[in-house]
Amino acid sequence: MSSFIKAKFVSLNRIKVLLFTDRILPNNVVIRIFKDDVAIPNPRTVKKVSANNLYIYDLEISQNIDFASRYSISILDYPLERIDVSNATEFPEFDKLFNYKGDDLGCTYSKESTKFAVWSPLATAVTYSAD
């Protein structure tokens, strides 16, 4: 059997899901969304479209995405799939919520120390290398 699931956030609380499968799915497919491995209750299917072997779901969750968390999706007995958030900077609300108005980003050097300031709301880690 050939199948795959791709899911990504398209707004702060909406997820687009593509499921390609050679199985015929029932109308009442149970879709579960997880935030840091804890189920989010009752994701709502806003829209479902299917054609041939492709199923497209637009889902809505009751809370806005927390960028410090990991999200994944479960459909039937398919393996858990991570939900992509890499396009979050394109959300209409992103700039309003995460606009940085400071002027202290970058590198500040003095004889005693060098300070680095980074603003990256989607980063889960920052690594420095002195090479």
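Trainee: What should I know about the numbering and the model?
Mentor: Residues are numbered from 1 along each chain as its sequence is written. The model is predicted: local features need pLDDT of at least 70, side-chain atom pairs count only at pLDDT 80 or more, and totals for chains, interfaces and linings use all residues, while side-chain values use heavy atoms, without hydrogens and water.

Trainee: In what order do the strands of the open sheet come?
Mentor: S4-S3-S7-S8, four strands with antiparallel pairing. Strands are DSSP E runs of at least two residues, numbered from the N terminus, and two pair if DSSP finds at least two bridges between them.

Trainee: Which strands stand at the edges?
Mentor: S4 (38–40) and S8 (81–82); each has a single partner strand, so one side of each lacks a neighbour in the sheet.

Trainee: And how many bridges join S3 to S4?
Mentor: Three, with S3 covering residues 31–35. Lys35 has Val38 in S4 as its bridge partner.

Trainee: What does the side chain of Thr21 make a polar contact with?
Mentor: The side chain of Tyr78, at 2.6 Å. A polar contact is a pair of N or O atoms within 3.5 Å, one able to donate a hydrogen and the other to accept it; residues adjacent in sequence count only if both atoms are side-chain atoms. The Thr21 side chain also reaches the backbone nitrogen of Arg23 at 3.1 Å.
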